Each structure stands twice: as structure tokens, then as C-alpha cells.
Amino acid sequence: MTVEAGKKMSIPITKPALGEEEARAPFDSIKSGWVTQGPKVAEFEKAVAAYVGARHGVATTSCTTGLHLALASLGVGPGDEVIVPSFTFIASANAILYTGATVVFCEIDPRTYNADPADIEKRITKRTKAIMPVDQIGLPCDIDAINEVAKRHGVDVVEDAAPAIGGAYKGRKVGSNAHQTVFSFHPRKVITTGEGGMITTDDDALADKARKLRAHAMSVSDLDRHKADRPIIEEYHELGFNYRMTDIQASIGLVQIRRLDELLRIRVEKANRYDRELGRIGGLAVPSVPPYATHTYQSYCLRLTKDAHVERDELMARLLRRGIATRRGVMASHLEQVYRDRVGRVALPVTEDASRTTMLIPLFAAMTDDEQTYVIESLREELDPAS
Ligand SMILES: Cc1ncc(COP(=O)(O)O)c(C=O)c1O
């Protein structure tokens with residue numbers, strides 16, 4: 001009997017790994033009355049920085065605002081160019097636009113879906129101020145090669161590691177390999193604080209600057225003002241933002257970061273099973289992980305190859321009818337109207353092909369073996385009905 005003819009399941013694309021401990025975690029912050037940018041945020045910043053092996057963590061309201069803050073701290077602004085892959089969630093490029101700088105899209109490596117260092121180098125001009133590589137879907141980019149390009153041309157690197165907390169490059173944790181790295185704690189990510197983000201860096205001056213800019217560029221922090229034994233009148237010397245994380249979120253994050261390694265172990269185990277079983281189905285290509293990378297599998301990304309006898313969108317529709325949620329792989333940002341208007345036409349054939357042929361299938365820590373079997377067998381029936 002086929003799985004379709006058997007019991008139909010309902011499988012979401014993801015479920016955040018939140019439990020009793022996370023539900024209880026904000027209690028102390030709420031009772032204390034210090035609910036934003038206080039001791040829990042400071043503790044969470046230290047915990048994330050220690051985990052990734054960086055000197056500083058600067059918590060923000062999201063990865064998007066973290067990317068904006070990282071660029072603003074470098075002084076990126078109008079007249080500057082920042083190079084970013086188009087094959088990414090639109091937030092990466094948007095953060096560049098927020099600074100007034102120009103977005104320059106680069107091409108990806110078709111095997112990893114991450115920025116191609118040689119293509120980045122071709123797009124560097126006198127106006128290039130920074131490169132923003134992305135650890136797409138949780139696979140760390142080739143950061144050594146990108147750092148070398150950046151060094152050769154005297155430009156900065158801000159790594160968009162939204163999906164990659166816990167990932168590693170040549171054994172070094174993501175978050176310790178670029179001048180600044182930015183993570184997301186959105187519920188689609190491996191660990192979550194509801195919304196939230198964090199910059200990690202070894203650069204004391206940049207961390208200070210980011211801390212100041214995230215709180216309206218106020219000359220004194222709330223904590224220092226609170227501790228002072230005399231009234232302090234603060235000053236504002238430049239334009240800042242309100243990108244403060246709450247202590248409610250940080251308390252949840254403190255539980256999540258303690259669980260991170262175990263959550264990653266479960267995800268890798270499930271991804272390995274997908275690799276083994278889906279890799280045998282004609283028409284499907286499973287993710288390619290270079291020897292330098294440790295993947296977080298924030299999502300599991302499949303590609304339909306030329307011999308697949310069904311189009312990606314049709315396959316997604318058929319899986320949905322079976323109760324399986326999927327998402328298109330990753331967007332090609334340069335094709336969206338907002339970037340057609342601002343950047344114009346750019347030829348990025350590898351990106352466009354990857355965006356047309358990839359899709360994400362369910363993967364989350366609480367996914368049962370039966371649920372995973374149902375996804376695998378459904379894909380086998382749709383793509384290889386004779387088997
Ligand atoms: C590569 C990438 N960058 C940035 C973001 C934005 O993250 P946030 O929702 O925390 O702003 C995402 C979110 O999905 C992402 O995947």
C-alpha cells in the first residue's frame with residue numbers, strides 16, 4: 001500500500017524547539033520589572049559570544065536590524081557599495097539599502113548555494129566598502145577565501161549567519177571567523193527568542209559603537225544611568241536606532257543556547273537519513289557539504305535535477321495535498337520589484353536556476369521517525385512511481 005493510500009499525516013515545515021523551561025524562563029525578568037536590555041540580555045550576549053568563541057555579542061531585535069547595525073557601525077552609507085548574494089532572504093540586501101549604500105549582487109557556487117569568492121572579487125570597485133556573504137540554509141560559506149578577497153582590496157566583511165548558529169568552518173565556530181557575524185533567533189532558526197538577533201565580533205571599538213547605536217546613540221547606557229549616584233543628563237551626538245532586545249527574549253535565549261548542541265545533533269541525524277534515502281531517488285539532488293563546513297541544517301534543501309519528470313511547483317502542490325508543507329528553496333532577490341527598481345537587470349543565471357529548482361522539506365528536532373518516513377515515501381511515490 002502506498003503511504004498516500006494509508007494514513008495521511010500533517011507535517012509542518014518546522015516547529016520551534018520550545019518547552020517548559022523556555023516557558024518559565026522569563027518569570028524572573030517579569031517579576032523584577034527589568035524587562036528590556038538589562039542583565040538577561042548581557043548574560044545572553046556573553047553566552048553566545050563564549051559559545052562561538054568571539055570577544056563580544058551585541059544583541060538586537062532581529063538579524064535584519066543586526067545587519068543594519070553592523071554596517072552602520074562600519075560607517076557604510078550613501079556612495080558606498082556592498083556586495084551580497086542575490087540568493088538569500090530579501091532581508092540581507094534590505095539591510096544594505098537601509099544605510100543608503102548601493103546593493104551589488106553577486107553569483108553563488110551551484111554546489112553550496114553560497115557566494116562565489118571569485119565572482120565577488122570581479123564585482124569589487126573603488127566604492128566597495130563591504131562584502132556580506134551568507135551562510136545559506138545553515139551551510140557556512142567559504143569564509144577564508146572571502147576574507148582573503150576582502151583583505152586584498154581593503155574592504156570589510158559582515159557575515160550574514162542568520163541560519164548558522166552552531167555551524168563551523170574548518171572546525172572554527174561560525175561567529176568567530178569574520179570581522180562581524182550576525183545571527184537570527186527567528187522561530188524558523190535552530191534556536192529562537194521569538195524575534196531576535198546578535199552581532200558577534202572580536203573588535204572592541206565596533207562592539208562599543210554597535211551597542212551605542214542600537215540605543216539611539218545615547219551617550220550613557222540605561223544600566224550605567226541606573227547605577228549612577230547622581231543624575232546624568234545624556235547626550236546624542238549621532239543618529240541611532242532602537243534595536244534593543246528584551247530581557248524576556250534573552251531569558252528564553254539562555255535556555256535555548258544551552259540546548260543548542262543537542263538540537264544540532266538531532267538535526268544532523270535526520271539530515272543524514274534524508275541524504276541516505278532521498279539520494280537514491282532519481283530526479284533529486286541532496287545538499288552538497290564541502291569538507292570545510294559543518295552544516296546546521298536550519299532547513300533541508302532539495303534540488304530537482306533535469307531528469308525529474310515533475311516541476312518544482314507542481315511537486316510542492318502534490319506534497320501539500322498529502323499534508324506535507326514545503327517552501328521554495330531560496331529567493332533570487334534581484335528579481336523582486338524592489339530590486340528591479342533600484343539595481344536594474346543583472347545576469348545571475350546560477351542564482352536564477354537554483355531559485356527555480358530548489359525546495360525546502362520539513363526538518364525539525366521534534367519530527368518523528370514516522371513523519372520522516374512519510375515525507376521520504378511521499379517523495380519516492382511522486383518522483384519514482386515505479387519503485
Ligand atoms: C539569510 C538570512 N538573512 C537574514 C534573515 C533575517 O532574519 P530576521 O528575521 O531575524 O531579521 C534571514 C531570515 O530568514 C535569513 O535567512
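**Buried tyrosines, ligand shell and salt bridges**

Tyrosine 297 is buried, at 5% relative accessibility. Here buried means under 20% relative accessible area, exposed means over 50%, and partly exposed lies in between, with a 1.4 Å probe and protein chains only. The model is a predicted one: local features need pLDDT of at least 70, side-chain atom pairs count only at pLDDT 80 or more, and totals for chains, interfaces and linings use all residues. Residues are numbered from 1 along each chain as its sequence is written, and side-chain values use heavy atoms, with hydrogens and water left out.

Tyrosine 297 sits in the loop between β11 (293-294) and β12 (300-304). Helices (H or I, at least four residues) and strands (E, at least two) are DSSP runs, numbered from the N terminus. The phi angle of tyrosine 297 is positive, near 50°, in a residue other than glycine. Tyrosine 113 also has a positive phi, of about 65°, and is not a glycine. Its place is the loop between β3 and α6. Tyrosine 113 counts as buried at 10% relative accessibility.

Arginine 111 lies in the loop between β3 (102-106) and α6 (117-122). Arginine 111 counts as exposed, with 56% relative accessibility. Between arginine 111 and glutamate 382 there are 271 residues of sequence separation and 24 Å of space, C-alpha to C-alpha. Lysine 173 belongs to strand β7 (residues 172-173). Lysine 173 is partly exposed, at 27% relative accessibility. Lysine 173 and tyrosine 51 are 122 residues apart in sequence, and their C-alpha atoms are 8.1 Å apart in space.

The ligand has 13 residues around it, of which Cys63, Thr64, Asp160, Ser184 and Lys189 come nearest. A residue counts as near if one of its heavy atoms lies within 4 Å of the molecule or strand in question. By class, this shell holds five nonpolar, six polar and two charged residues. In that count, Ala, Val, Leu, Ile, Met, Phe, Trp, Tyr, Cys and Pro are nonpolar, Asp, Glu, Lys and Arg are charged, and the others, Gly among them, are polar.

A polar backbone atom of cysteine 63 is 2.9 Å from an oxygen atom of the ligand. A polar side-chain atom of aspartate 160 is 2.7 Å from a ligand nitrogen atom. For serine 184, a polar side-chain atom lies 2.7 Å from a ligand oxygen atom. On its own the ligand has 400 Å² of accessible area, and the protein covers 88% of it. Accessible areas come from the Shrake-Rupley method with a 1.4 Å probe; for residues, only the protein chains shown count as cover. Helices α4 (63-73) and α5 (91-98) are the elements that give two or more residues to the shell around the ligand.

Salt bridges were then counted. The criterion is a side-chain nitrogen of Lys or Arg within 4 Å of a carboxyl oxygen of Asp or Glu. The count comes to 27 salt bridges. In one of them, the side chains of arginine 214 and glutamate 45 meet at 2.8 Å, N to O. This pair links distant parts of the chain, 169 residues apart: arginine 214 is in the loop between α8 (204-213) and α9 (222-227), and glutamate 45 is in helix α3 (residues 39-52). Both arginine 214 and glutamate 45 are buried.

Glutamate 277 and arginine 273 also form a salt bridge, at 3.0 Å, N to O. The two are separated by about one helical turn because they are four residues apart in helix α10. Glutamate 277 is buried, at 18% relative accessibility. Arginine 273 is buried too, with a relative accessible area of 15%.

Arginine 312 pairs with aspartate 313 in a salt bridge, with the closest N and O atoms 2.6 Å apart. Arginine 312 is buried at 11% relative accessibility, whereas aspartate 313 is exposed at 51% relative accessible area. Salt bridges with shared partners join Glu314, Arg318, Arg321, Arg322, Glu381 and Glu382 into one network.

Ile30, Val35 and Ile248 make a nonpolar surface patch of about 220 Å². Patches consist of residues with over 30% relative accessible area and no salt bridge; like charges are joined within 9 Å, and nonpolar side chains (Val, Leu, Ile, Met, Phe, Trp, Tyr) within 5 Å. Isoleucine 248 lies in helix α10 (residues 247-278). Isoleucine 248 is partly exposed, with a relative accessible area of 31%.

Terms used: A polar contact is a pair of N or O atoms within 3.5 Å; within protein, one must be able to donate a hydrogen and the other to accept it, and residues adjacent in sequence count only if both atoms are side-chain atoms.
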